[in-house]
Amino acid sequence: MHIDVVTIFPELFEPFLTTSLIGRAREEGLLEIEIHDLREFTADRHRVVDDEPYGGGGGMVMIAPPWLRAAGALGEASWRILMSPQGVPLDDGKVEEIAARERLLLMCARYEGVDDRVRDLVVDEEISIGDYVLSGGEVPAMVLIEAISRQIPGVVGQARSVEQDSFRRGLLDFPQYTRPAEVEGLQVPEVLRSGDHAAIDAWRRRQALRRTMEKRPDLLETADLTDEERREVARLRACKVGAGTE
């Protein structure tokens, strides 16, 4: 996959692109990422990228021409995404959808956002990482890159770990433990030390269902569950009602 990122703060991406899985994926040629300064696409000697909004009020707005030039130069064959709190919420399904594309152009706005004609002319999709506002689109772009990189074969060493991630199949992940076997009186569940892989898998499925019910019960409405898992959910709900917690 090839990703172009346009921003007025390219230096923000330097440590991110050279660290951990992203850095290794780039070194191995699994992921190509290029960062571009929006000011490279200005046409005036002062390299202006913003101006006061028509109608007054608020802060500065990023002008359209540099974005249009950037999209024309970099994004003709790319899916062009504006990182925006007004966008479609980023979830696991959207990550998989975006990861299936060969080229992306991520547009990171600042200030009060971009002239709305940028949306009309060169944006294919707007993506939000949550219902809150940040100072710019750079951190959301990193979140998106991190998420989609995990879907690229070879980036994560053990493919099974991706398959078991939270939200895959619509469930949260099961509890994880490592050495030592006891921490301040809390023991690792005996089943995980049993060597019985069938029992371990069954325990993990039950725990994923229980954790999802406790923390994100809304996910169960659309989760991809087997008949056995649906019966387990019904049992857990009955136990919860019986305990007087609903």
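Student: What covers the buried residues of helix H8?

Tutor: Helix H9 (227-242) is included in what covers them. Covering here rests on contact, meaning heavy atoms within 4.5 Å. The helices are DSSP runs of H or I with at least four residues, strands are runs of E with at least two, and both are numbered from the N terminus. This is a predicted model, in which local features need pLDDT of at least 70 and side-chain atom pairs count only at pLDDT 80 or more, while totals for chains, interfaces and linings use all residues. Residues are numbered from 1 along each chain as its sequence is written, and side-chain values use heavy atoms, with hydrogens and water left out.

Student: Which residues of H8 are buried?

Tutor: Ile200, Ala202, Trp203, Gln207, Ala208, Leu209, Thr212 and Met213 are. Buried means under 20% relative accessible area, exposed over 50%, and partly exposed in between (1.4 Å probe, protein chains only).

Student: What makes Lys94 and Glu97 a salt bridge?

Tutor: A side-chain nitrogen of Lys or Arg must lie within 4 Å of a carboxyl oxygen of Asp or Glu. Their N to O distance is 3.1 Å, so the pair qualifies. Lys94 and Glu97 are three residues apart in helix H4 (92-99), which means a separation of about one helical turn.

Student: Which parts does the Glu138 and Arg110 pair tie together?

Tutor: Their side chains meet in a salt bridge at 2.9 Å, N to O. Glu138 lies in helix H6 (138-149) and Arg110 in the loop between strand E6 (103-108) and helix H5 (116-122), so the pair ties together parts 28 residues apart in sequence. Both Glu138 and Arg110 are buried. Elsewhere, salt bridges that share partners join Lys94, Glu97 and Glu125 into one network. The count of salt bridges comes to 14.

Student: Why is Arg101 said to lie over the face of Trp79?

Tutor: The rule asks for NZ of Lys or CZ of Arg within 6 Å of the ring centre and within 35 degrees of the ring normal. Arg101 is at 3.7 Å from the ring centre of Trp79 and is listed as lying over its face, so the pair meets the rule.
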